[in-house]
Amino acid sequence: MAKPWVIAKRPLFVRDVVRDFCLAAARLESHFHDYDRTGAVSFSFFDDILGRQNSKGLLWRLKDSAHLLFRDEGSEVLGEYLDWALGYIFHECIKLKEDAYQQMNYKPRFENLQQRQDLSPEEQHLGGELFAVISQTSESIRREVQRVRFILFHCKRMFIRYLPRHADNPLLARLFYLQWQLLEQAFRSYTEELLQAMYGSDLSRLYLLAAESLEAGGWEQEAAAARMDAAHPQWPPRHTLDEGRALAAQRREQPSNPIT
């Protein structure tokens, strides 16, 4: 049974999960693009995006929010799938972090050791055997990157099918309106399909819901701009805000209970 405070805050948790998924997908795919070019992944990147128990990073928060949102939704199959998939990305990125650590710290050290002239034949042999294991992390990284990309793709497909039931969520519409560039960075060619699935061919509903949420938060100028877009709806929105104001207007409302 879902906790009452989770049920009461469900629109907020839906917004948070979608926002953090978009942020994570955009960051991961950008980093994987660098990996395609260099053949290396960054330990510091995964250390930051994962975080730790006392300072949770983006992927950790996304995993926890997904557990609260999707578990206890009864027979909601897509929610079960999304909960597992987002958790899987988190755990696969832990492996990438560990493999990046091996490549960053131990691979150069073993390479240097193998070049020493004072090693006995047995030490040379042992070093070669151990270095072969470290070298296998390159193949592990390739497989892990491939799996994360695969799950990210299917998460987008699942969100397109899951989110229409939350099409009346003003917080979600506000996110799409104020951070439309982030939505496109994450969903790319699937953005139009997502919007079509949620709002149909008339995007005025999206902009009116966003205006409703902005007005409730005291952002009257931004709400007026959203209503202007509702009068002549198109994508992307015409009356876009500068990035600083958009992010301020999209500030995070905190749940009444902490995520643990």
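Student: Hi! Are lysine 63 and aspartate 64 buried or exposed?

Tutor: Hello! Both lysine 63 and aspartate 64 are buried. Buried means under 20% relative accessible area, exposed means over 50%, and partly exposed is in between (1.4 Å probe, protein chains only).

Student: What kind of model is this, and how are residues numbered?

Tutor: This is a predicted model, in which local features need pLDDT of at least 70 and side-chain atom pairs count only at pLDDT 80 or more, while totals for chains, interfaces and linings use all residues. Residues are numbered from 1 along each chain as its sequence is written, and side-chain values use heavy atoms, with hydrogens and water left out.

Student: Back to lysine 63. What does lysine 63 form with aspartate 64?

Tutor: A salt bridge, with the closest N and O atoms 2.9 Å apart. The term stands for a side-chain nitrogen of Lys or Arg within 4 Å of a carboxyl oxygen of Asp or Glu.

Student: And which ring does lysine 63 lie over?

Tutor: Lysine 63 lies over the face of phenylalanine 90, at 5.0 Å from the ring centre. For that, NZ of Lys or CZ of Arg has to be within 6 Å of the ring centre and within 35 degrees of the ring normal.

Student: How many salt bridges are there?

Tutor: The count comes to 19 salt bridges. One of them joins glutamate 92 and lysine 95, at 3.3 Å from N to O. Both residues lie in helix H5 (residues 77–114), three residues apart, about one turn of the helix. Helices here are DSSP runs (H or I, at least four residues), as strands are (E, at least two), numbered from the N terminus.

Student: Why does glutamate 92 count as buried?

Tutor: Because its relative accessibility is 1%. Lysine 95 is at 40%, so lysine 95 counts as partly exposed.

Student: What about arginine 142 and glutamate 139?

Tutor: Their salt bridge has its closest N and O atoms 2.5 Å apart. Arginine 142 and glutamate 139 are both in helix H7, three residues apart, about one turn of the helix. Arginine 142 is partly exposed at 37% relative accessibility, and glutamate 139 is partly exposed at 35%.

Student: Why is the pair of tryptophan 180 and tryptophan 235 edge-to-face?

Tutor: Because the planes of tryptophan 180 and tryptophan 235 are at 80°, with ring centres 6.4 Å apart. Tryptophan 180 is buried at 15% relative accessible area, whereas tryptophan 235 is partly exposed at 23% relative accessibility.

Student: Last one: what does threonine 191 touch?

Tutor: Leaving out residues up to four places away in sequence, threonine 191 touches Leu183, Glu184 and Trp235. Contact means heavy atoms within 4.5 Å. Threonine 191 is in helix H10 (residues 191–199) and is buried, with a relative accessible area of 2%.

Definitions and conventions: Phe/Tyr/Trp six-rings, centres within 6.5 Å; stacked < 30°, edge-to-face > 60°.
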